[in-house]
Amino acid sequence: MNKRYVMVHDENKCIGCQACNVACRSENQVPDGVTRLQVRVEGPYGEVPDLHFKFDRVSCQQCENAPCVKVCPTGAAYVNDDGIVTINHEKCIGCQYCIAACPYKVRFINPVTLTADKCNFCTDTRLARGEQPACVTVCPTNALVFGDANDANSDVSKLLNSAPTYREKVHLGTQPRVYRIPARKGGIEA
Amino acid sequence: MIKLDRRAFLKGAGATGASCALTGVIPGSIAAVGAPALSGSAEAVPSICEMCSTRCPISARVVDGKTVFIQGNTEAKSFGGKVCARGGAGHSLLYDPQRIVKPMKRVGERGEGKWQTISWEQAYSEIATKLNELKSKYGPETVVFSSKSGSEHTYLFDLAKAFGSPNTLTHLTTCPVGMEVASDVMFGTGMKRDIGNSRYVINFGHNLYEGLDMSESRALMRAQMDKHAKLVVFDPRFSMVAAKSDEWLPIRPGTDIAVALAISHVLIEEKLFDKAFVDQYVEGFEPFASQMAEYTPEWAESLSDVPAKDIRRIARELAQAAPHAMINSGHRSTFTPEELDFRRAIFAVNVLLGNIERKGGYFMGKKAATYNKFAGEAVAPELAKPGVNIPKPNAKRIDQMDEQYALLWKMGGIYQSIIDTVNTNKPYAIHGWVMTRTNPMQTMTDRAKVEQALKQMDLVVCCDLYVSETAAYADYFLPECTYLERDEEVKDKSGKNPAYYVRQQVVDVIGDTKPAWQIFRELGVKLGLEQYFPWEDVQTLQLAQVNKDDALLKQIKHKGYVSYGVPLMLREPEMVAAFTAKFANARPVDEDGTYGSALKFKTASGKIELYSEEVEKIAPGRGAIKYRDVSFKQSNELYFIQGKVAVHTNAGTQQVPFLANLMSDNAVWIHPETAAKHGIKTGDNIRLTSSVGSEIGQALVTKGIRPDTVFAYMGFGSKNQESIRISDKGVHCGNLLPHVTAPVCGACVHTTGVKLEKV
């Protein structure tokens with residue numbers, strides 16, 4: 001059976017420290033001025049003393065039904081067998097259709113390669129070496145869990161079976177593969 | 001994947017720095033002199049981080065010959081193989097165009113930003129000549145040597161002593177001194193926290209989710225998420241730790257002590273404290289209890305705005321969870337001049353809970369010698385302390401003017417006493433200042449006085465990676481190599497059981513930079529003090545540490561972090577049982593299944609002292625833990641408070657490219673009601689004016705701050721033009737805080753009053 005890589009971001013454990021952001025930049029040599037991953041700390045919402053922040057992981061959602069792939073005129077954007085939305089940089093002509101199509105606004109033109117770029121779960125770097133993605137590796141509070149959702153025994157499968165999760169903009173039919181465990185404090189603006 | 005060449009990496013690592021070529025390049029910087037290609041280990045090298053003072057065990061490797069990936073060393077379990085943003089970004093300073101890689105000499109006025117590069121030989125010989133001149137003209141004690149705490153302070157302070165100056169000062173009084181002195185006075189030693197096993201944690205502004213300490217921050221999250229511990233946070237600001245708490249109480253700045261005392265009041269009044277523990281281990285309980293009688297929750301409410309009913313309820317909940325419950329003793333920020341009694345009040349509650357040497361409470365570090373004694377065998381190797389016998393200088397240290405600070409004399413000293421000498425020349429005038437990896441322009445208070453002190457010196461020498469705000473006033477700049485480029489001695493990292501770890505070189509040295517041990521050794525040799533520097537390299541020193549046990553050294557270096565035995569807390573029956581099961585010759589357990597009878601304190605009475613004869617002697621009237629009124633501000637002013645952010649370390653990392661890109665400014669947090677009164681909106685320029693300085697910054701209007709308080713993250717608003725990435729961005733906290741030294745513990749105080757206006 002094919003792998004189906006997914007990630008879970010636990011917003012209770014996330015402290016918005018940007019360790020993930022920096023590790024991603026280091027491992028994937030992401031140039032200044034653009035980013036594959038950040039956690040936006042938004043708020044505080046609510047009234048004193050019952051305030052809360054929202055911790056929003058902003059990165060490619062690895063959609064099963066990816067709008068970026070549909071609009072790519074050259075086939076540079078595709079969904080790999082393991083479910084990771086991937087870019088063939090040789091085929092990318094930098095037309096930016098994918099950037100316009102992405103409902104999550106997480107694609108960009110890499111100023112060095114001049115091709116489209118985004119989070120790919122470190123598929124060509126850490127996954128290729130049998131390691132966990134950079135963000136998962138360093139996350140101080142273990143807020144990120146990554147793995148194969150088709151493997152019932154994987155940590156990520158067990159977590160998805162036991163914890164309440166939500167995904168962003170599911171009404172668009174994109175079927176994102178980044179799941180979020182909502183913070184027990186405060187509402188969700190999904 | 002498209003291949004990046006090193007040029008691209010350089011551009012990526014420091015694109016912001018590239019613009020410095022247009023505005024004036026510092027002669028000794030990478031932008032001016034270039035740098036060789038990255039070369040280093042493709043295999044992961046275990047080492048020690050230096051992006052903050054936690055010094056986490058890390059593992060780093062060169063990836064594709066182009067960049068360095070840093071993560072935590074998985075051998076160190078409590079650190080979990082993790083690293084924060086600062087730790088992960090450490091490599092971005094390697095090729096930062098702003099980094100200084102050649103020794104430099106000032107050619108303009110102090111602080112004017114005019115430099116020329118010189119050779120190490122010229123730097124050493126000119127500095128040595130000037131130091132010897134000062135020595136013969138004024139005496140060796142007129143040169144001060146200061147450093148952040150770390151391995152380098154040992155090397156610099158050895159040089160100071162060998163030179164004949166008693167004036168060695170660490171950053172202690174700008175950081176955790178209150179907690180350390182309080183602990184020393186009450187327990188006779190430092191106390192460690194076992195947050196991970198706590199079921200109830202009260203936190204007075206110790207922001208562990210922004211002031212990250214990897215082991216403790218992880219422990220707190222583990223306690224909260226896995227053990228469902230309750231976290232109660234008292235903080236005038238909705239900090240990250242407040243955001244993650246079960247209960248946030250926006251306390252009036254500087255009044256935390258009143259709430260801590262009132263918690264003791266409730267525990268005693270309602271007999272919720274551990275009487276057996278107090279009877280066996282505590283000295284001075286009766287007078288302490290009668291003193292606490294007046295500190296009712298209602299009284300605390302009148303000062304702190306924390307409702308009395310909440311204080312009572314929280315005290316009861318805390319007692320319910322005891323002994324696996326604690327009030328966190330905190331770290332850096334000094335909220336009040338009554339710092340000593342605030343920290344003592346916190347420790348007193350912990351003592352009443354009987355959480356000492358219990359899971360979820362406090363414990364003493366178990367180094368090899370102690371641990372082996374309990375085990376009845378040599379479980380962990382004991383390291384030798386291959387020191388050098390340097391005669392103690394005769395003169396008094398400059399912070400020895402006032403007897404009340406006598407406790408500090410055996411510690412790092414009162415850093416800010418250097419600015420006291422400027423106007424008074426007491427106990428004598430200071431003529432030289434040699435410092436390494438410290439930025440007092442930011443971390444001390446009253447920046448104008450620090451500037452005056454620097455300008456008044458005959459000689460200022462700074463060793464650093466960047467021209468910091470302080471280094472901008474140096475006569476000589478000595479470029480240290482980064483922690484990724486150097487080996488150092490083996491360090492003790494013992495907690496509940498013994499552990500060692502070591503810093504190791506990951507990449508080749510870049511430019512004409514050197515490790516601190518070598519810089520101060522070579523300067524010592526130039527001063528004719530070679531006899532005090534017997535270690536020609538780190539390897540020799542390491543071998544002496546391990547008593548020439550080469551196999552042991554290899555093991556420590558191979559794993560990078562080695563721990564021995566099982567965790568031990570003396571009064572925790574479960575842990576003592578596991579310990580005795582493991583070690584056949586272990587000390588016999590007491591009747592109650594613990595090592596409680598072995599728990600002794602290095603105080604005069606041998607017990608935990610709730611009243612200190614020692615403090616009473618040096619500061620009459622201060623032996624007992626008491627509340628004293630403090631005035632922080634005028635009635636038309638707001639409280640100004642400051643704190644840490646997760647992506648920077650105090651005033652030490654603002655120039656690091658990756659981190660500067662994440663945050664290079666500190667907006668001022670203002671409550672919507674306060675903002676409305678002044679017609680201020682988010683993004684507006686505002687001015688804060690205190691009794692010593694005025695700063696212009698940007699407003700961030702947020703409900704996450706009390707209406708009577710404004711907040712800014714520390715370390716920003718640098719005023720030297722060399723730090724192009726950060727100069728004049730944000731408000732400079734050190735320029736707003738007046739020079740106030742807390743009684744007895746000597747801490748710089750971090751709360752003051754400011755006037756707010758829109759500009």
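**View 1. Helices H7 and H21 of chain B pack side by side.**
Helix H7 (residues 151-163) and helix H21 (residues 516-526) of chain B pack at an angle of about 10°, with their axes 8 Å apart. Axes are lines fitted to C-alpha atoms, for helices over the stretch in contact, and angles run from 0 to 180 degrees between N-to-C directions. H7(B) and H21(B) are therefore roughly parallel to each other; angles under 35 degrees count as roughly parallel, over 145 as roughly antiparallel, 65 to 115 as roughly perpendicular and the rest as oblique. From H7(B), the residues B:Glu152, B:Tyr155, B:Leu156, B:Leu159 and B:Ala162 meet B:Ala516, B:Trp517, B:Phe520, B:Leu523 and B:Gly524 of H21(B). By class, the residues of this contact are eight nonpolar, one polar and one charged. Ala, Val, Leu, Ile, Met, Phe, Trp, Tyr, Cys and Pro count as nonpolar, Asp, Glu, Lys and Arg as charged, and the others, Gly among them, as polar. Two residues are in contact if their C-beta atoms, placed from the backbone, lie within 7 Å. Helices (H or I, at least four residues) and strands (E, at least two) are DSSP runs, numbered from the N terminus.

This is a predicted model: local features need pLDDT of at least 70, side-chain atom pairs count only at pLDDT 80 or more, and totals for chains, interfaces and linings use all residues. Residues are numbered from 1 along each chain as its sequence is written, while chains are lettered from A and ligands numbered from 1 in the order in which they are written.

**View 2. B:Gly164 sits in a loop of chain B.**
The loop with B:Gly164 lies between H7 and strand S7 (168-170) of chain B. B:Gly164 has 18 C-beta neighbours inside 10 Å, so B:Gly164 counts as partly exposed. A residue is buried if 20 or more other C-beta atoms lie within 10 Å of its own, exposed if 12 or fewer, and partly exposed in between; C-beta atoms are placed from the backbone. Leaving aside neighbours within four places in sequence, B:Gly164 is in contact with B:Lys135, B:Pro140 and B:Pro393. B:Asn394 is 230 residues from B:Gly164 in sequence, yet 7.9 Å away in space, C-alpha to C-alpha.

**View 3. Three strands of chain B form an open sheet.**
The order is S1-S2-S3 (chain B), and the pairing is antiparallel. Two strands pair if DSSP finds at least two bridges between them. S1 and S3 of chain B are the edge strands, each pairing on one side only. Neighbouring strands are turned by 35° against each other on average, direction ignored. Four bridges join strand S1 (residues 45-48) of chain B to S2(B); B:Pro46 has B:Ser59 as its bridge partner. Six bridges join S2(B) and S3(B), and B:Ala60 is partnered by B:Ile70. Three residues lie between the strands in this hairpin, where B:Asp64 takes a positive phi near 55°. Strand S2 (residues 57-63) of chain B is mostly covered, with five of its seven residues buried.

One bridge pairs A:Val6 with A:Gly147.

**View 4. Chain B meets chain A.**
The contact takes 41 residues from chain B and 32 residues from chain A. H9(B) gives the largest share of the chain B side, five residues. That side has 26 nonpolar, 10 polar and five charged residues.

One joins A:Val48 and A:Pro49, with omega about 0°. A:Pro49 lies in the loop between strand S2 (38-47) and strand S3 (50-58) of chain A. Another joins B:Ala322 and B:Pro323, with omega about 5°.
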